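Have the structure open as you read.

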Amino acid sequence: MRQAGLLVGETLELLRTSVRAGISTAELDAIAEDRIRSGGGIPSFKGYGHPPFPGSICASVNDEVVHGVPGARVLAEGDIISIDCGAIVEGWHGDAAITVAVGEVPAEVTELMRVTEESMWRGFAAARLGGKVSDISHAIESYVRSQGDYGILEDFTGHGIGSAMHQPPDVPNFGKPGRGPKLVRGLALAVEPMVTLGSKHTEMLEDDWTIVTDDGSWAAHYEHSFTLTPDGAWILTALDGGEQRLGELGVPFGGR
């Protein structure tokens, strides 16, 4: 899973540097597929679900929260794009997401992105062997609520991950601590807060995939796959295993 996670992380960093005004989401998708396959992986998303997802990434722009279908849409200055990427290496999955600004964006959008990403790391910081899944959920929600009046999606959650992309248990981005399955050695989870500038309510577009906010407010989405070792948390899709950010939060790093 670390090999798959590194491939996802490297692909997302390549996409981060490729995002610019004038590029289409289909072009970003082609870049991702080429990087995944040249790195010895298989895109997790391509052909997944019903109807089969057509892309190797989800490319969700502005008010599109998740599962955006890559295509002819061209990015413009001032947009934001959430890119979700998955790869399979030797039967094991990695899954992560970033949100990237296209040039200059309003301060409230930059702050939305910061709050969403930071809430994910606060979730990792709350995870301990012997704890419960909702400890992560509560930490995410508590941080977001402390930062302002944001919408936190409730209909879409993080998830278990391993020999399949989606496995039990679900990892909600809200809730009381001390509930749900126990966090045990060997359990891997994809943690992915989805936060909006307005409503938590969403709608699905006619492509049967793309999820948009029902009030048109913009959204950010960040995700990493991680596991817990006896030494601490190990972020499988972060290039440094999460060592820097976990250290800043005073959390033991388990990837050594």
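Q: What does "buried" mean here?
A: Buried means under 20% relative accessible area, exposed means over 50%, and partly exposed is in between. Please keep in mind that this is a predicted model. By that scale Phe53 is buried, and so is Trp209.

Q: What makes the pair of Phe53 and Trp209 edge-to-face or stacked?

A: Two rings pair if their centres lie within 6.5 Å, and planes over 60 degrees apart count as edge-to-face. The ring centres of Phe53 and Trp209 are 5.2 Å apart and the planes stand at 85°, so the pair is edge-to-face.

Q: Where do Phe53 and Trp209 sit in the chain?
A: The pair links distant parts of the chain, 156 residues apart. Phe53 is in the loop between strand E1 (42-43) and strand E2 (57-61), while Trp209 is in the loop between strand E11 (202-204) and strand E12 (211-213).

Q: How many aromatic pairs does a search of the whole structure find?
A: The search finds three aromatic pairs. One of them joins Trp121 and Phe124, with ring centres 5.3 Å apart and planes at 75°, so this pair is edge-to-face too. Trp121 and Phe124 also belong to one aromatic cluster with Phe226.

Q: Why are Trp121 and Phe124 said to be separated by about one helical turn?
A: Both lie in helix H3 (residues 107-125) and are three residues apart, which means a separation of about one helical turn.

Q: How do you know whether Trp121 and Phe124 are buried or exposed?
A: Set each value against the 20% limit for buried residues. Trp121 has 5% relative accessibility, so Trp121 counts as buried. Phe124 has a relative accessible area of 0%, so Phe124 is buried as well.

Q: Why is Ala72 called exposed?
A: The cut-off for exposed is over 50%. Ala72 has a relative accessible area of 73%, so the label is exposed. Ala72 is found in the loop between strand E3 (64-66) and strand E4 (80-89). Ala72 and Gly198 are 126 residues apart in sequence and 27 Å apart in space, C-alpha to C-alpha.

Q: What makes H1 roughly antiparallel to H2?
A: An angle over 145 degrees counts as roughly antiparallel. Helix H1 (residues 2-18) and helix H2 (residues 25-38) pack at an angle of about 150°, with their axes 10 Å apart. H1 is therefore roughly antiparallel to H2. The crossing of H1 past H2 is right-handed.

Q: Which residues make the contact of H1 with H2?
A: H1 brings Leu7, Glu10, Thr11, Leu14, Leu15 and Ser18, and H2 brings Leu28, Ile31, Ala32, Arg35 and Ile36. These contact residues divide into seven nonpolar, two polar and two charged.

Q: Why are H3 and H4 roughly antiparallel to each other?
A: H3 and helix H4 (residues 133-147) pack at an angle of about 150°, with their axes 8 Å apart. The cut-off is over 145 degrees, and H3 and H4 are therefore roughly antiparallel to each other. H3 passes H4 in a right-handed crossing.

Q: Which residues of H3 and H4 meet?
A: Glu111, Arg114, Val115, Glu118, Ser119, Arg122 and Gly123 of H3 meet Ile136, Ala139, Ile140, Tyr143, Val144 and Gln147 of H4. This contact divides into six nonpolar, three polar and four charged residues.

Q: Is the peptide bond from His50 to Pro51 cis or trans, and what is omega?
A: That bond is cis, with omega near -5°. Pro51 is found in the loop between E1 and E2. The peptide bond from Pro168 to Pro169 is cis as well, with omega near 0°. Pro169 has its place in strand E8 (residues 167-171).

Terms used:
Residues are numbered from 1 along each chain as its sequence is written. This is a predicted model: local features need pLDDT of at least 70, side-chain atom pairs count only at pLDDT 80 or more; totals for chains, interfaces and linings use all residues. Side-chain values use heavy atoms; hydrogens and water are left out. Axes are lines fitted to C-alpha atoms, for helices over the stretch in contact, and angles run from 0 to 180 degrees between N-to-C directions. Helices (H or I, at least four residues) and strands (E, at least two) are DSSP runs, numbered from the N terminus. Angles under 35 degrees count as roughly parallel, over 145 as roughly antiparallel, 65 to 115 as roughly perpendicular and the rest as oblique. A crossing is left-handed if the near helix is turned anticlockwise from the far one by less than a right angle, and right-handed if clockwise. Contact means heavy atoms within 4.5 Å. Ala, Val, Leu, Ile, Met, Phe, Trp, Tyr, Cys and Pro count as nonpolar, Asp, Glu, Lys and Arg as charged, and the others, Gly among them, as polar. Rings of Phe, Tyr and Trp (its six-membered ring) pair if their centres lie within 6.5 Å; planes under 30 degrees apart count as stacked, over 60 as edge-to-face and the rest as tilted. Buried means under 20% relative accessible area, exposed over 50%, partly exposed in between (1.4 Å probe, protein chains only).
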